[in-house]
Amino acid sequence: MTAPRVWTRVVIVPALLLALAACAKNGERAQEAGAVAADAAVASPEGAFLAYEHDVQVQLEAAQIAPRIQQVAQACQNAKFGDCAVLQVDQRSGEQPSGEVKVRIAPKGVESLIGLAGEGGTLQARNTRAEDLAQQVADTALTKARLEKEHARLLSYQDRGDLKIEDLMAITTRLSEIEAGVEQATKDAAQQRRRIDTQLVTMHFDTTSGQRSRSEIGEALSESGSILSTSVAFLIRAAAALLPVGVVALVMAWIVRALIRRRRRKLPPQT
């Protein structure tokens, strides 16, 4: 073996191996960075009052849709990716099966649940939006604080001994109204907090474009028999409807022809 070849094996080959290892590490780092970026993309900033909603379109083979819907719903119910509640499960069978799963899940589980939904298929489309609830949260807190302050003031009035019966009844009625308003404000605040702390994810499942094309062709072939039957039935009905008219027309034509022949016979011969 010559010296140049030995030099090539000793120096260049290890260098290539090191370069491939570096590329693999860079690829892993890129994937990790991508996962972190995806998680950060749906995380609400500290102190913000953002309610996130996600719409995802997933294409799967027809045989995978029903099991995948059940798998996603069970993963949510079992809190596989964190706190999660199933809000809606819709499944449609047939030649073009489809379905929909709607859940409300903790932010840290959004990407994992979407990854499970699209596993082995195609993530056709995704839409993420956020509603700013800061003003609603502030208004609800202000309303609750105002009602609680009024409630405390009326309670102090109620303890006075010089109140008339009418005034006491009016205060009691107003206290009941305030308590109902505080309860409603508390419910509104809890719902707003729930929308901020969790995120709404709607996953739509559909068959692939190739399967839809085959299904449409099969559907057209299956409908061809009924279309042909309908057309033949229409022609039969049309013929049945026109048959009396045709008979009357033939009779009238025969009568007219007979009258013309009789008239010709009565005419004197021309010289």
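**Salt bridges and a sheet**

Trainee: How many salt bridges does the structure hold?

Mentor: This is a predicted model, where local features need pLDDT of at least 70, side-chain atom pairs count only at pLDDT 80 or more, and totals for chains, interfaces and linings use all residues. Residues are numbered from 1 along each chain as its sequence is written, and side-chain values use heavy atoms, leaving out hydrogens and water. With a salt bridge taken as a side-chain nitrogen of Lys or Arg within 4 Å of a carboxyl oxygen of Asp or Glu, the number in the structure is 9.

Trainee: Which residue forms a salt bridge with Arg-195, and in which strand does that partner lie?

Mentor: The partner is Glu-131, and the closest N and O atoms are 2.6 Å apart. Helices (H or I, at least four residues) and strands (E, at least two) are DSSP runs, numbered from the N terminus. The pair links distant parts of the chain, 64 residues apart: Arg-195 is in helix H5 (residues 165–197), while Glu-131 is in strand E4 (residues 122–132).

Trainee: Is Arg-195 buried or exposed?

Mentor: Buried means under 20% relative accessible area, exposed over 50%, and partly exposed in between (1.4 Å probe, protein chains only). Arg-195 has 18%, so Arg-195 counts as buried.

Trainee: Arg-174 forms a salt bridge with Glu-150; how many residues apart in sequence are the parts that this pair ties together?

Mentor: The closest N and O atoms of Arg-174 and Glu-150 are 2.9 Å apart. Because Arg-174 lies in helix H5 and Glu-150 in helix H4 (residues 134–158), the pair ties together parts whose separation in sequence is 24 residues.

Trainee: Which strands stand at the edges of the sheet?

Mentor: The open sheet has 5 strands in the order E2-E3-E5-E1-E4, with mixed pairing. The edge strands each have a single partner strand, so one side of each is left without a neighbour in the sheet; they are E2 (84–92) and E4.

Trainee: In which sense do strands E1 and E5 pair?

Mentor: Strands of a sheet pair through backbone hydrogen bonds, either parallel or antiparallel. Two strands count as paired if DSSP finds at least two bridges between them. Gln-57, for example, has His-204 in E5 as its bridge partner. E1 (residues 50–60) and E5 (residues 199–207) share 8 bridges, and their sense is parallel.
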